[in-house]
Amino acid sequence: MTDSVLYTRDGDLGIVTVNNPPVNALSQHVRLGLSECFATAAADDSIATILICAGRTFIAGADISEFDKPMGPPDFLETLAMIEDAAKPVVAAIHGTALGGGLETALCCHFRVAVPSARLGLPEVLLGLLPGAGGTQRLPRLIGPEAALDAITTGTPMNSAAAHAAGVVDAIVDEQGLLEGAKAFAREVVATGQPLTRVRDLNDKVSAVDPAIFVATRKKVAQTKRGFEAPLSCIACVEAACTLPFDEGMARERELFQGLRDSVQSAAQRHIFFAQRAATKVDDMPADTKPQRIERVAVLGAGTMGGGIAMNFANVGIPVIVLETEQALLDKGLGIVRDNYERTAKKGRLSSADVEQRMGLITGTLDYADLADADMVIEAVYENMAIKKEVFAKLDATTKAECILASNTSTLDVDEIASVTSRPDKVIGTHFFSPANVMKLLEIVRGAKTSHETLASTLAVTRKINKVGVVVGVCDGFVGNRMIHRYGSQASYLLEEGCLPHEVDAPIYDLGFAMGPLTMSDLAGLDVGWRIRQGKGLPASLPAGERYCEISDRICEMGRFGQKTGDGFYHYEPGDRNAHRDPSIEQLIVEYAREKGIERRQIPASEVIERLMYALINEGAWILEEGIAQRASDIDVIYVFGYGVPAFLGGPMFYADQVGLDTVYRRVCEFAEADPASWKPAPLLKRLAESGGTFN
Ligand code: 3H9
C-alpha cells in the first residue's frame with residue numbers, strides 16, 4: 001500500500017484514510033492507494049467502509065499538475081467504479097473542501113456525511129475543464145439538471161447546509177466529531193438495512209427534461225463567459241446525462257474532457273491557477289517571517305478609491321476608520337459606500353442586516369489622532385508627490401510605531417514617499433484597481449527598505465480581503481500601468497497610421513479581452529492621462545526623437561472625457577455603456593494624420609493584435625530584466641485579474657510563449673526598424689528567442 005492512503009479497522013468498520021498534503025489531491029499514488037484499500041475492504045469481514053481524509057480537507061480534486069503529462073494508472077474511472085460497486089456501504093466523511101474529483105469520489109460512495117463548515121463543488125470549469133470522473137453524469141441524477149448546470153458551469157461550491165438541502169449530503173455531523181458521526185451513520189445504515197444508493201442508477205431527475213434549460217444556460221454562458229470553451233462542453237455533458245444511458249453519457253464526458261484537457265485554453269487557465277499561488281511567494285523572504293496582526297485599518301480619503309478600499313475590510317469583518325479633510329467629503333464618501341452596499345442588497349446578494357453590520361464597521365473622522373491604534377493605514381489621497389509626502393509625514397507622527405503605512409499610489413515612487421518617515425521599513429505600496437471593492441488585483445509595491453515583516457503582513461491581509469496579490473518593485477507605473485502605457489501608445493499610433501477607433505478595439509475584443517484599448521480609455525476617463533501629460537508639460541517637453549500622438553489631447557480639449565461625459569473616442573447614449581462610432585472623431589483622426597503628414601493605410605487586424613500584444617510583452621520582458629516583477633507568471637496574474645485579459649489566454653507572457661518567442665522577437669525588431677522611437681526590443685526577449693526559451 002502507498003503511504004498516502006491507509007486502511008485500518010475500527011471494530012466492525014473499515015476506515016480508508018487519504019493523507020496526501022496539502023489538499024489530498026488524487027495523485028496517481030492516491031488512486032493506487034484507494035484501489036488497494038477498497039480491495040482489502042471488500043475482502044475482509046468489515047460491515048461498512050468510511051472514506052475520510054487527514055489534514056485540512058477532504059479530497060480537493062485531481063492533481064492538477066498531472067494534466068500536463070500522460071496520466072499513469074490506475075484510471076480515475078476504474079478506481080471510482082471499485083468504490084461504487086462495493087457490496088458493503090461506503091460512507092464519505094467530508095470536511096474542508098470536496099472539490100472536483102473529490103466530490104466525484106464522494107458521489108461514488110453510497111452515502112455522504114459532512115461537517116457544517118464543509119464546502120462541496122465541481123470547479124473544473126475554472127481550470128478550462130469539465131468534471132471528468134462522472135460528475136457531469138452523477139450530479140444531475142442526484143440534484144436535477146438545472147441545479148447541476150448551475151454548479152458545473154459556474155464552478156461555485158455549495159456549503160454543507162445547501163448540499164444537505166439539495167440531497168448531495170445525507171447528514172450533517174458535529175464539526176469536531178466527523179469520524180464518530182460517520183461511524184454512527186454507517187452502523188445505522190447497516191442496522192436498518194438501508195439499500196445502497198448508487199447515484200449512476202438514479203434516473204428520475206434526468207428523464208423528460210425540458211430542453212429549454214440547456215438553451216437558457218447556453219445563452220447565459222455566452223454572455224458571462226464569452227470565448228470560454230469549457231462551459232459549453234459542461235452543458236453538452238449534462239445534456240448527455242439527460243438524453244443518453246449512463247454509460248453513453250460517461251463516454252461523451254470522457255471524450256469532451258480529453259478535448260479540453262489538451263486545449264490551450266485549459267493549459268492557460270491551469271497556468272493562471274498555479275501563477276496566482278506563486279505570485280504570493282517572495283523569493284528572498286525567509287519562510288519563518290511572521291506577519292503582524294492587522295486588526296484595525298485606517299483609510300485616508302473617502303473618494304471613490306478610499307471608499308472602495310474601506311469596503312474590502314468591512315466585508316471581512318475588519319473595522320476600518322476613514323479619514324477626510326472635510327465633513328462634507330466624508331459624508332459624501334460614506335454615503336456612496338452605503339449606496340454601493342444597498343445596491344448589492346437590492347440584487348439579493350446581501351441582507352439588510354449585512355449592510356448595517358458592514359456599515360457599522362466603517363467609521364469616519366477628520367482627526368489624525370483617531371488613527372492612533374490602527375495596525376495599517378492605506379493612503380488614497382490625490383496622486384501628487386508633494387501631497388503624499390505631507391500626508392506620510394503626518395501619519396508617521398500620529399500612528400503607533402509598528403503601524404504599516406501603505407500608499408495606494410498607481411505610479412509614484414514609494415521610496416521617495418517612505419523617505420519622509422522615520423520607518424521606511426514599514427512603508428509599502430498597495431495599488432488597488434478601480435472599482436476597489438470589485439477588482440481582484442492588488443499590486444503590492446515593495447520599496448527598497450520595506451521589511452520582510454511588512455511584506456508578509458501585507459500579503460496576509462491581501463489574502464484575508466480576498467484579493468489576488470502580486471509583489472512588484474518600484475518604477476513608474478509599476479508592472480500593470482507601465483505595460484499598459486506602451487499598449488495605449490500603440491493604440492494611438494494605429495489611429496494615426498490608418499485605423500479608426502473600432503478597428504483598433506475590435507481585434508482585441510475578438511481575441512477575448514473584456515474591451516479594446518480605446519473603449520478602456522473611455523471607461524477610465526480620458527482626462528486622467530491628459531492631466532498627467534499636461535503636468536509633465538507634454539508635448540512641448542518631449543525629448544527629441546520621441547513619438548507623441550495628440551489625438552487623445554484634442555478629444556479632451558473638446559470636453560470629451562469618455563463615458564462620464566457621454567463622449568470620448570466613441571459616443572455613449574444616456575444610461576447605455578455601449579460604444580457607438582462617432583463620425584466627428586473619425587474625421588478628427590483622419591484630419592490629424594493629414595496635418596502631421598502621415599500617410600494612412602489599411603492596417604490588417606492581425607497587425608493590430610501584434611502591435612498591441614507585443615507592446616505589452618516587450619515591456620513585460622524589460623520589467624523582468626530589471627527585476628521589477630519576480631517572474632513572468634506574476635505579470636500574467638496582473639493582466640488577468642486587473643486588466644480584463646481572459647484567463648483562457650493565460651496573460652500576455654503565456655500568450656507570447658504560445659505564439660513562440662522567436663516570432664514575437666522578429667516582429668518586435670521589424671516594428672523597431674519602422675519606428676525606432678517607440679520600440680526598443682528587450683534583451684531578455686532576444687535571449688529567450690535565440691535560445692528557444694519561453695517566459696513561463
Ligand atoms: C479535477 O478534479 C478533474 C476531475 O474532474 C477529472 C479527472 C479525470 N492539484 O489554494 P491553496 C496546491 S480538476 C494540485 O493555496 P487554500 C496549490 O497549488 C481539480 N495542487 O490553499 C498550493 O500549492 P503551493 C478540481 C493543488 O487553502 C497548495 O495546494 N479541483 C490542488 O487557499 C495549497 O493550495 C480544484 O479545482 C490540486 N487540485 O485553498 C480545486 N489544489 O503551496 C483547486 C491545490 O505549492 N484547489 N493545490 O502553492 C483549490 O481551489 C484550493 O487549493 C483549495 C484550498 C480550496 C482546495
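Modeller: With burial. Buried means under 20% relative accessible area, exposed over 50%, and partly exposed in between, using a 1.4 Å probe and protein chains only. At 0% relative accessibility, C109 counts as buried. C108 is buried too, with a relative accessible area of 0%. This is a predicted model, where local features need pLDDT of at least 70, side-chain atom pairs count only at pLDDT 80 or more, and totals for chains, interfaces and linings use all residues. Residues are numbered from 1 along each chain as its sequence is written, and side-chain values use heavy atoms, with hydrogens and water left out.

Biologist: How many disulfides does the structure hold?

Modeller: A disulfide is a pair of cysteine sulfur atoms within 2.5 Å. The structure holds 0. C108 is in no disulfide; its nearest cysteine sulfur, that of C109, is 7.2 Å away.

Biologist: How is the chain divided into domains?

Modeller: Domain bounds come from an automatic or database domain assignment. Here they give domain 1 (5–261), domain 2 (297–472) and domain 3 (480–691). The centres of domain 1 and domain 3, taken over C-alpha atoms, are separated by 46 Å.

Biologist: What is in the largest nonpolar core?

Modeller: A nonpolar core is a set of buried Ala, Val, Leu, Ile, Met, Phe, Trp, Tyr and Cys residues joined through side-chain atoms within 4.5 Å. The largest one has 101 residues, and V479, I551 and M613 are among those with the most contacts inside it. Helix α24 (residues 605–625) gives the largest share, 11 residues. Helices (H or I, at least four residues) and strands (E, at least two) are DSSP runs, numbered from the N terminus.

Biologist: Why does this core lie between domain 2 and domain 3?

Modeller: Both domains give residues to the core, so it lies between them. A second, separate core of 82 residues includes F58, A92, F185 and C237.

Biologist: Which strands form the open sheet, and in what order?

Modeller: Two strands pair if DSSP finds at least two bridges between them. The order is β12-β11-β10-β13-β14-β15-β16-β17, 8 strands with mixed pairing. β12 (362–365) and β17 (468–472) are the edge strands, each pairing on one side only. Strands β13 (residues 376–379) and β14 (residues 404–407) run parallel, joined by 4 bridges. Within β14, S407 is the bridge partner of E379.

Biologist: Which strands does helix α15 touch?

Modeller: Contact means heavy atoms within 4.5 Å. Helix α15 (residues 385–398) packs on the sheet and touches β10 (297–300), β13, β14 and β15 (427–432).

Key. Axes fitted to C-alpha atoms, helices over the stretch in contact; angles between N-to-C directions.
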